Amino acid sequence: MPLYFPMSTSALWLIAYFWPLVALLVFAVAPRLFQRVRQNGARLQRRANVVVSAQRRSTQSGAFAANTLTLQVRSKNGAGAVVTLDGRMSGAALLQRAQACLGQDLKGLKLPGGDSLAIDQTLLAQGLEGGEVLETYGGEQQTMPAILQRAREEISQFKFSLHFNEANPCMSRFHLTIDIGHAPQAIAEASMETVRVQFQEDSISLTIRGPTKDFMLHRRLSQSTHNKGVLPVGFPICPTRCNLVVLDGKQVELVLRPFPEDWLPTGTRICIHGLKQDASNKLNGRAGTVIGYEESTKQAPERYIVQLDGAASDVKKLKRCNVEHLQLPHSADIAAGGTPESLGKAEGTGLSCPDARDDGPAWSRARRQSGVEAERLRLLEQLH
């Protein structure tokens, strides 16, 4: 006679029969699921770091944009020019820019009210707000430099591609390529001797010098939009890491790369630490200056080229984890209340660098508070 179990008992028998299979599936799938969640979280964090870095740089450039003035300069002979510069610069800088644009030796400029432009005061302090027309006086025509007399032709055709590395955004690349099909005359003259390029954080400028004509390409850079004259690079570029590749008579390629994490620009004072090999640990505690950057290869990671204090030939290649930004002791810092013991340490760490010396200007808050930095900027403004 067959036995019949209630529904609840049958359900229990089914659970008891299938639970090993369910447990096996859980143990097989759960680790992969957790790994995928961690990878997505890390990817989002890296993208957030790139966005934060871009916002910081746009904030720094915003200070210049907020004080930018666009002024018109006119001479007696009817020649005119539009000059754009920072309103915090002195009148001497505006006068020098006007002379270069008009090709004349000028004694001065007249403000809209009739007063003469003061060369030792800033443009904002003299009431300029942008859009004003300034008249020149005392101008004499100069001989145009030979470089301005050469014919120029713009390179309008090229191709570009973005290679974004989600696992490591610092290894992303943006390629701009000009070949014989885009600009035949320009590429025919292209070689390492005739091609010049200038990389900036917000623009690139390329010049190919021919026998009688210069071929030029200038584009502004953007992290998102693609408008006329703007390249959608997708990240803030690091000029030091960008490079030029020229195949004589065939192709010119510009390779743009982003800033690495915790970037140390050329000229940064550093302190060495964390070297563990017997032949290298004697360098721990020594100070030096960053003079270059070497990209990573399949055999070695990226490294900073550092010139150690002492002999000019004492140059080492070090990983970022083995160098710390050094805050140098300076007389202005000591006058502002700092001590050599507290100032001669790597920034953000307790690492002491007894070999550090004041070989250059110290960029510190105490130096700005003491007025030394403001005086230096004022003197530079007068020179320009």
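Predicted model: local features only at pLDDT ≥ 70, side-chain atom pairs only at ≥ 80, totals over all residues.
Colleague: Thanks! Which residues is Gln-185 in contact with, leaving aside its neighbours within four places in sequence?

Modeller: Contact means heavy atoms within 4.5 Å. With those sequence neighbours left aside, Gln-185 is in contact with Glu-153, Lys-213 and Phe-215.

Colleague: How many helices and strands does the protein chain have?

Modeller: The chain has eight helices and 21 strands. Among its contacts with a separation of 6 or more, 52% are between residues 24 or more positions apart.

Colleague: And what share of the residues is buried?

Modeller: Buried means under 20% relative accessible area, exposed over 50%, and partly exposed in between (1.4 Å probe, protein chains only). Of the 384 residues in the protein chain, 33% are buried.

Colleague: Let me try that on His-175: is His-175 buried or exposed?

Modeller: His-175 has 13% relative accessibility, so His-175 counts as buried. This histidine lies in strand S9. The side chains of His-175 and Arg-173 are joined by a polar contact of 3.0 Å. A polar contact is a pair of N or O atoms within 3.5 Å; within protein, one must be able to donate a hydrogen and the other to accept it, and residues adjacent in sequence count only if both atoms are side-chain atoms.

Colleague: How far apart are His-175 and Leu-254 in sequence and in space?

Modeller: His-175 and Leu-254 are 79 residues apart in sequence, yet 5.8 Å apart in space, C-alpha to C-alpha. Leu-254 is also one of the residues in contact with His-175, and so are Glu-253 and Val-255.

Colleague: Which residues touch the most other members of the largest nonpolar core?

Modeller: A nonpolar core is a set of buried Ala, Val, Leu, Ile, Met, Phe, Trp, Tyr and Cys residues joined through side-chain atoms within 4.5 Å. The largest one here has 27 residues, and Ile-178, Val-252 and Leu-256 touch the most other members. Elements that give two or more residues to this core include strand S9 (173-179), H4 and S15. A second, separate core has 18 residues, including Val-73 and Leu-123.

Colleague: How many aromatic pairs does the count come to?

Modeller: Rings of Phe, Tyr and Trp (its six-membered ring) pair if their centres lie within 6.5 Å; planes under 30 degrees apart count as stacked, over 60 as edge-to-face and the rest as tilted. The count by this rule is five. In one of them, Trp-263 and Tyr-293 are edge-to-face, with 5.2 Å centre to centre and 65 degrees between the planes. Trp-263 is in the loop between S15 and S16, while Tyr-293 is in strand S17 (residues 287-294), 30 residues apart. Both Trp-263 and Tyr-293 are buried. Trp-263 and Tyr-304 make a tilted pair because their ring centres are 5.8 Å apart and their planes are at 45 degrees. Ring pairs link Phe-259, Trp-263, Tyr-293 and Tyr-304 into a cluster.

Colleague: Last one: where is the place of Asn-322?

Modeller: Asn-322 sits in the loop between strand S19 (315-318) and strand S20 (323-327). With a relative accessible area of 10%, Asn-322 is buried. A polar atom of its side chain lies 3.5 Å from the backbone oxygen of Gly-274.

How values were computed: Residues numbered from 1 in each chain as written. Heavy atoms only, no water. Helix = DSSP H or I, 4+ residues; strand = E, 2+ residues; numbered from the N terminus.
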